[in-house]
Amino acid sequence: MTKKDEGVAIKFYAPEQLRNEFKAECIRRGKGMGSILEEFMRRFIAAPDLFLDASPPEETIAQLIGENRNWQALATNSYISLQRLDDLAKGAYPTNRELLWLARMLHKQDGTPRSPNELKKIRDRSFPEDHPGRIPETELDLSEEFSSSDRVENPY
């Protein structure tokens, strides 16, 4: 619908620079801005997921370890061997004790520390009860409880 009498007007605000770039590209292609926007709308209706950002992938303990650039320091300060860190980075199930130790070193992007409870939530989301890599509760070392204050103490 390119004629005014065959449709309705849509008014919205866009940054001026974006509008100018869009207008210039339409002119280069010999198309009117309205016809291009109409085509975008049709494509969006047909396949909205192509145009909308997918939700960011959920973090995993494996990703958090893999993003750490200094595994030697991570191993030293978390009391976890390099081999075990490698296993965790490949997706092995972290125990409660390992989460307590990792909370000392795995920080958020803004530099604030992660709590053991936050790491536990990430782990439990990544390893649902029926996940083949999950350690059964009966085999977990549950001697380390997660305090409400999320305080991490030296395990030794």
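Guide: Here is a walk through the labels used for this protein.

Guide: First, some ground rules: this is a predicted model, where local features need pLDDT of at least 70, side-chain atom pairs count only at pLDDT 80 or more, and totals for chains, interfaces and linings use all residues. Residues are numbered from 1 along each chain as its sequence is written, and side-chain values use heavy atoms, with hydrogens and water left out.

Visitor: Why is cysteine 26 called buried?

Guide: Buried means under 20% relative accessible area, exposed over 50%, and partly exposed in between (1.4 Å probe, protein chains only). Cysteine 26 has a relative accessible area of 4%, so it counts as buried. You'll find cysteine 26 in helix H1 (residues 16-28). Of the 156 residues of the protein, 22% count as buried.

Visitor: Which residues does cysteine 26 touch, leaving out those up to four places away in sequence?

Guide: With that limit, cysteine 26 touches Lys31, Gly32, Met33 and Ile36. A touch is a contact, meaning heavy atoms within 4.5 Å. The C-alpha atoms of cysteine 26 and isoleucine 36 are 7.5 Å apart, and the two residues are ten apart along the chain.

Visitor: What makes a set of residues a nonpolar core?

Guide: A nonpolar core is a set of buried Ala, Val, Leu, Ile, Met, Phe, Trp, Tyr and Cys residues joined through side-chain atoms within 4.5 Å. The largest one here holds 15 residues, and Ile61, Ile65, Leu85, Leu102 and Leu119 touch the most other members. H3, H4, H5, H6 and H7 are the elements that give two or more residues to this core. Not counting residues up to four places away in sequence, isoleucine 65 touches Trp71, Leu74, Leu85, Leu88, Ala89, Leu102 and Leu106.

Visitor: Why is the pair of tyrosine 79 and tryptophan 101 called edge-to-face?

Guide: Rings of Phe, Tyr and Trp (its six-membered ring) pair if their centres lie within 6.5 Å; planes under 30 degrees apart count as stacked, over 60 as edge-to-face and the rest as tilted. A search of the whole structure finds two aromatic pairs. In this one the centres are 6.0 Å apart and the planes at 65°, so the pair is edge-to-face. Tyrosine 79 sits in the loop between helix H4 (71-78) and helix H5 (82-89), while tryptophan 101 is in helix H6 (residues 96-102), 22 residues apart. Tyrosine 79 has a relative accessible area of 27%, so it is partly exposed; tryptophan 101 is at 11%, so it counts as buried.

Visitor: And how far apart are the centres for tyrosine 93 and phenylalanine 127?

Guide: They are 5.0 Å centre to centre, with 80° between the planes, and that pair is edge-to-face too. Tyrosine 93 lies in the loop between H5 and H6, and phenylalanine 127 in the segment after helix H7 (116-126), 34 residues apart. Both of these residues are buried.

Visitor: How do you know that glutamate 59 forms a salt bridge with arginine 114?

Guide: A salt bridge is a side-chain nitrogen of Lys or Arg within 4 Å of a carboxyl oxygen of Asp or Glu. For glutamate 59 and arginine 114, the closest N and O atoms are 2.8 Å apart. Glutamate 59 is in the loop between H2 and H3 and arginine 114 in the loop between H6 and H7, so the pair ties together parts that are 55 residues apart in sequence. Arginine 114 is buried, with a relative accessible area of 6%, whereas glutamate 59, at 32%, counts as partly exposed. Glu59, Lys108, Arg114 and Glu118 are linked in a network of salt bridges.

Visitor: How many salt bridges does the structure hold?

Guide: Twelve. One of them joins lysine 120 and aspartate 124, with the closest N and O atoms 2.8 Å apart. Both lie in helix H7, four residues apart, about one turn of the helix. Aspartate 124 also forms a salt bridge with arginine 123, where the closest N and O atoms are 3.0 Å apart. Arginine 123 is buried, at a relative accessible area of 2%.
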